[in-house]
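Welcome, and please have your viewer open and ready. We will go from the whole chain down to single residues, one selection after another.

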Amino acid sequence: AKTHYHDFVVQATPVKRLCKTHNAITVNGQFPGPTLEVNNGDTLVVNVVNRARYNVTIHWHGIRQMRTGWADGPEFVTQCPIRPGGSYTYRFTIEGQEGTLWWHAHSSWLRATVYGALIIRPREGSSYPFTKPKRQTPILLGEWWDANPVDVVREAMRTGAAPNISDAYTINGQPGDLYNCSSKDTVIVPVDSGETNLLRVINSALNQELFFTVAKHKLTVVAADASYMKPFTTSVIMLGPGQTTDVLITADQSPARYYIAARAYASAQGAPFDNTTTTAILEYKSAPCPAKGPSLPPVQPSLPAYNDTATASAFTTSLRSPSKAEVPIDIDENLFITVGLGLNPCPPKSRSRNCQGPNGTRFTASMNNVSFVLPSNYSLLQSHQQGIPGVFTTDFPAAPPVKFDYTGNVSRSLWTPVRGTRLYKLKYGSKVQIVLQGTSIFTAENHPIHLHGYDFYIIAEGFGNFDPKKDTSKFNLIDPPMRNTASVPVRGWAVIRFVADNPGVWLMHCHLDVHITWGLAMAFLVENGFGELQSISPPPADLPVC
Ligand code: C2O
């Protein structure tokens with residue numbers, strides 16, 4: 001196994017999109033940021049230097065960070081932020097994961113421009129469980145704001161209203177030819193007739209689930225969230241923010257140019273079609289050259305409608321582990337966690353300025369009616385390891401305070417969560433099941449729920465209210481998919497299982513940034529077991545403190 005060293009300089013860089021240039025925060029001046037490529041078993045050492053005027057941290061999304069929780073990255077959870085002028089070296093080993101992950105800033109909304117692909121090839125000396133493709137192409141789906149994304153979220157927090165939606169969706173940082181001033185920079189993916197390409201598709205958008213397709217071509221799904229899947233063929237895939245899907249595509253159509261396209265799914269923002277489709281082009285190298293002959297428009301894709309829940313769930317429920325999975329049985333901790341929005345009444349004096357949400361309220365969000373608040377004086381992990389009191393409590397509830405119809409319109413009294421930094425304590429090695437139940441408070445939507453420090457099995461998902469009497473019969477304990485982010489279906493639920501074998505403090509949150517901003521998060525405190533192999537390593541000497 002190798003050790004890979006990288007320097008990440010976080011800095012302001014002029015970036016031109018949609019006819020305008022503004023200073024975006026980037027890594028090494030690149031947007032999207034550098035692609036990291038490693039083999040399973042390798043170690044990554046990334047020295048992050050902050051030359052920007054914002055606090056920053058980097059999260060290695062989906063990396064298990066076994067006993068190296070200090071390198072996980074969410075600010076005020078596993079570390080205090082790297083201040084302007086400061087630096088921090090993340091050091092961790094990839095243990096057992098293969099496929100596609102990514103890295104992103106985990107501080108305010110900086111991840112809008114601070115993100116990149118993290119490719120994990122098979123362990124040295126071993127091979128892919130499918131025919132090795134000729135080419136591999138990372139496809140990062142993203143969102144672009146004409147404004148500074150940090151200002152966008154600050155303004156939303158100041159007013160209590162929903163933040164401005166993005167001005168474009170992007171593929172590898174480019175909006176594509178449906179947007180103004182973007183046509184000549186549309187990303188081209190070249191192919192030779194007959195060859196197979198592995199597209200490593202990553203949804204790095206902030207606030208949007210996306211459908212993804214390539215006109216006229218079949219996609220063979222082989223992995224998701226750096227776990228292999230039983231291969232199956234589809235024409236469209238759906239990814240929530242945070243999720244990745246590896247697909248094989250064979251250039252078996254007549255030589256031409258074909259649209260690669262992504263479009264918003266279950267848009268709660270009601271954005272019009274043209275603003276929610278981003279394009280790139282799959283170009284056969286033998287296709288007639290557009291510069292010479294008459295310009296050939298790319299072949300049009302066929303994308304599901306933005307509210308096509310049936311197609312989304314047909315995709316997520318097709319994912320399977322390639323062989324019999326080791327699903328935890330004999331559960332020690334059985335949690336039921338609601339995920340959804342809420343509205344907070346305004347403090348009387350601030351009514352006009354701070355309460356521009358619906359009917360003079362402020363938006364909020366919660367899990368089991370607790371709206372998560374980050375500490376500011378210590379990270380949760382530091383406070384736990386060093387026994388610093390008063391930073392958090394461990395009374396996150398195992399079930400919601402009241403039961404109601406989560407899919408329907410409920411009484412306004414249930415719309416107001418309480419704020420708190422409440423963790424749920426897990427014994428080392430405990431077997432955990434969580435029913436994630438979406439609520440339809442204010443709005444019903446799909447929530448991509450991400451757990452740090454773990455992969456989990458998604459043993460079932462469905463619509464309506466989860467019913468422990470009926471729905472347990474739907475549990476797949478044979479070959480469920482293993483992921484790090486579960487799409488909880490709109491007006492529905494998902495059930496996940498994992499073994500708490502990684503000590504530390506691990507955030508679980510909705511990966512729609514607007515929702516985590518409003519408090520749709522909680523954290524697990526996983527205790528050390530016995531001895532070094534069951535305990536978190538000591539903090540690195542350069543760990544930023546607050
Ligand atoms: Cu990809 Cu907590 O994040």
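How many helices and strands are there in the chain? Colour by secondary structure and you can look for five helices and 32 strands. Here helices (H or I, at least four residues) and strands (E, at least two) are DSSP runs, numbered from the N terminus.

Two notes before we go on. Residues are numbered from 1 along each chain as its sequence is written. What you see is a predicted model, in which local features need pLDDT of at least 70, side-chain atom pairs count only at pLDDT 80 or more, and totals for chains, interfaces and linings use all residues.

**Stop 1: the whole chain**

Colour by pLDDT, the predictor's confidence in each residue, from 0 to 100. The chain averages 94, and 97% of the residues score at least 70. Where pLDDT is low, the predicted coordinates should not be read in detail. The model as a whole scores pTM 0.97 and ipTM 0.99.

Now zoom out. Along the principal axes, the C-alpha atoms fill a box of roughly 70 × 60 × 55 Å. The radius of gyration of the chain is 22 Å, which agrees with the value near 24 Å that a compact globule of 546 residues would have. This radius is taken over C-alpha atoms, and the globule rule is 2.2 Å times the number of residues to the power 0.38.

How much of the chain is buried? Buried residues make up 51% of the 546 residues. A residue is buried if 20 or more other C-beta atoms lie within 10 Å of its own, exposed if 12 or fewer, and partly exposed in between, with C-beta atoms placed from the backbone.

**Stop 2: the domains**

Select 1–126, 130–320 and 333–534 in three colours: these are domain 1, domain 2 and domain 3 of the domain assignment. Such bounds come from an automatic or database domain assignment.

Next, show domain 2 and domain 3 together. Their centres, taken over C-alpha atoms, are separated by 28 Å. Where they meet, 27 residues of domain 2 are in contact with 28 residues of domain 3; contact means that the C-beta atoms, placed from the backbone, lie within 7 Å. On the domain 2 side, highlight helix H1 (149–159), strand E15 (227–234) and helix H2 (309–316), each of which supplies at least two of the touching residues. That side divides into 11 nonpolar, 11 polar and five charged residues. In this count Ala, Val, Leu, Ile, Met, Phe, Trp, Tyr, Cys and Pro are nonpolar, Asp, Glu, Lys and Arg are charged, and the others, Gly among them, are polar.

Then try the record's own ranges. An unreviewed UniProt entry places the annotation "domain: Plastocyanin-like" on residues 10–124, 136–286 and 395–528. Its positions are in the numbering used here, feature names are shortened, and annotations may be inferred rather than shown by experiment. Residues 10–124 are 0% helix and 46% strand, with end C-alpha atoms 31 Å apart. Residues 395–528 are 4% helix and 41% strand, and their end C-alpha atoms lie 19 Å apart.

**Stop 3: backbone details**

Select Phe 31 and Pro 32, which are joined by a cis peptide bond with omega about -10 degrees. Pro 32 is in the loop between strand E2 (20–27) and strand E3 (36–39).

Move on to Asn 359, in the loop between helix H3 (351–354) and strand E21 (362–367). Its phi is positive, about 50 degrees, although Asn 359 is not a glycine. Asn 368 also has a positive phi, near 45 degrees, and sits in the loop between E21 and strand E22 (370–372). Is each one buried or exposed? Asn 359 is exposed because it has 8 C-beta neighbours inside 10 Å, while Asn 368 is buried, with 20.

**Stop 4**

Select Val 152 in helix H1. Val 152 is buried, with 20 other C-beta atoms within 10 Å, and the residues it touches include Trp 109 and Trp 145.

Tyr 378 is partly exposed, with 18 other C-beta atoms within 10 Å. Which residue lies 299 places away along the chain from Tyr 378? Gln 79 does, and the two C-alpha atoms are separated by 7.9 Å.

Last, pick Val 545, in the segment after strand E32 (521–526). Val 545 is exposed, with 10 other C-beta atoms within 10 Å.

Notes. Contact = placed C-beta atoms within 7 Å. Lists of a residue's contacts leave out its neighbours within four places in sequence.
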